[in-house]
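Q: Hey, I'm new to this one. Can you put it on screen and walk me through a few spots?

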Amino acid sequence: MQKIGDLGFTIGFTLNITQISRSNQGVESLMSNLASPNRPKLGRALSLAALTLTVGLLAAACQEAAPPTAQGGTASPAGSASPVAAKGLKIGSLLPSTGDLASVGQQMVNAVPMLVETVNQCGGVNGEPVALVSVDDQTDPAAGAEGMTRLAEREKVAGVVGSFASSVSTAALPIAVRNKVVLISPGSTSPVFTQQAKDGKYQGYWARTAPPDTYQAQALAKLATERKLTTASTLVINNDYGVGFEREFVKAFDALGGKVTNEGKPTRYDPKASTVETEAAAAFSGSPKAVAAVLYADTGSLIVKSAYEQGKSQNTQFLLTDGVYSQDFVDKVGKGQNGQSILAGALGTVPGASGKSLAAFTKLWEEKQKRPLVAYAAHAWDAAAILALAAQAAKSNSGEAMKDKLREVTNAPGEEVTDVCKGLELLRQGKDINYQGASGDVDIDAAGDVVGSYDVWTVEPDGKLKTIGKVSPAKQ
């Protein structure tokens, strides 16, 4: 009976070996337990033999498989199935493929591996291929913090493209700084980062390729006044992005002669709330000519639809922002009784891409992705490019060395380059460069910010998005 019991243990153990830690300490502890003198000799022999065989097979398999990453990603050179040697530059991406910003994140996430593939095809960085570890931050600060911890402490990346949501970047930044990892966001636009960077909180490990909402709020306020919208209320998601944008919009709109009708009692909604009817109604109280709505796509569609169903929004101009610049958002809001989009005629702003390398990037994107260029893809491409260029300029693959080169490779003096491969080659020769990105000139300042222009977009009666012009931030 003892023999059968030991054999049953061995079979059960073998089937569940993948749940055992692969660390030496974990295996040694297990071996010690199985070899205990309290177990019969034959049982110990069978169990130890099965363990030795199984661990050996697992070790061989691990040599062929790329190391797992958060959310099922892998660390490998773009286009390759095998892991990169630890001595090469290793970067991560922390972007939303799921959650409230998935409709935007899913469109842009492929820009980073495209950049890595391009760099590796022209020699890599510091003589080695670049490895990429991709993580889905789920548009959630807790998941983002967990993902950043994985990237920094387990994957040992030197730089990360991310996050997109300001609240997620807020959660990830302390982890990045503590581990000396450079974090460059293609879309976290909260003005809070500017002041905290100036206060030295990020120690130079933070930058972004999308301009802060200080500028977008000014651009939206300018657009409102150009359209003779003299009164407006605000309706925002209650997080760093929404509240920061709201405050800057109120300041800019007031300076341009507009009146914010709910300035004393702003309407802010909880993204985790089960109902939003009260907030939807409150935003339209007092019959403002416009509602500046700073939303995320999933929860924002619910609040816009609720306002329509309550009969509140039909005669009011929606002013929207980059957080809902997606066809998915418009489709989720749906159509009204007249068969037209509920959002027909809405106006919005989104950071535009107008860099000197935009045409080349657009061509590459359309060849690789088989679809038109999407919002923020150029900003993600530039963020990854800057990480590669900074590492080459530093002649080091450490975040600590890279952070000191971010401004050097993106600002004058230096030879202007629009091709990341040419930039890498010049840096290998010891020359200075001034990278001109696809999203813009990406002249990163001391706070990690860039200044950009904004596209103006609208929703047509059939629900399609259309870019109709540009607007620059109003001068304060």
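Q: Which residue takes a positive phi just after α15?
A: That's Lys-395, with a phi of about 55 degrees. Before we go on, this is a predicted model, where local features need pLDDT of at least 70, side-chain atom pairs count only at pLDDT 80 or more, and totals for chains, interfaces and linings use all residues. Residues are numbered from 1 along each chain as its sequence is written, and side-chain values use heavy atoms, with hydrogens and water left out.

Q: What counts as a helix or strand here?
A: They're DSSP runs numbered from the N terminus: H or I with at least four residues for helices, E with at least two for strands.

Q: Now strand β5, residues 182-185. Is Ile-184 there buried or exposed?
A: Ile-184 is buried, at a relative accessible area of 0%.

Q: What does Ile-184 touch?
A: Not counting residues up to four places away in sequence, Ile-184 touches several residues, including Val-160, Ala-207, Ala-383, Ile-386 and Leu-387. Contact means heavy atoms within 4.5 Å.

Q: New topic: what does α18 pack against?
A: The buried residues of α18 pack against α5 (111-121), α15, α17 (406-410), β13 (415-417) and β14 (433-435). Among those buried residues are Val-420, Leu-424 and Leu-427.

Q: What happens at the start of α18?
A: A side-chain oxygen of Asp-419 reaches to within 2.8 Å of the backbone nitrogen of Cys-421.

Q: And which residue just after α18 takes a positive phi?
A: Gly-430 does, at about 85 degrees.

Q: Over in β7, what does the side chain of Thr-231 reach?
A: The side chain of Thr-231 reaches the backbone nitrogen of Lys-289 at 3.0 Å. Leaving aside neighbours within four places in sequence, Thr-231 is also in contact with other residues, among them Phe-253 and Pro-288.

Note on methods: Buried < 20%, exposed > 50% of the residue type's maximum accessible area, 1.4 Å probe, protein only. Polar contact = N/O pair within 3.5 Å; in protein donor to acceptor, adjacent residues only side chain to side chain.
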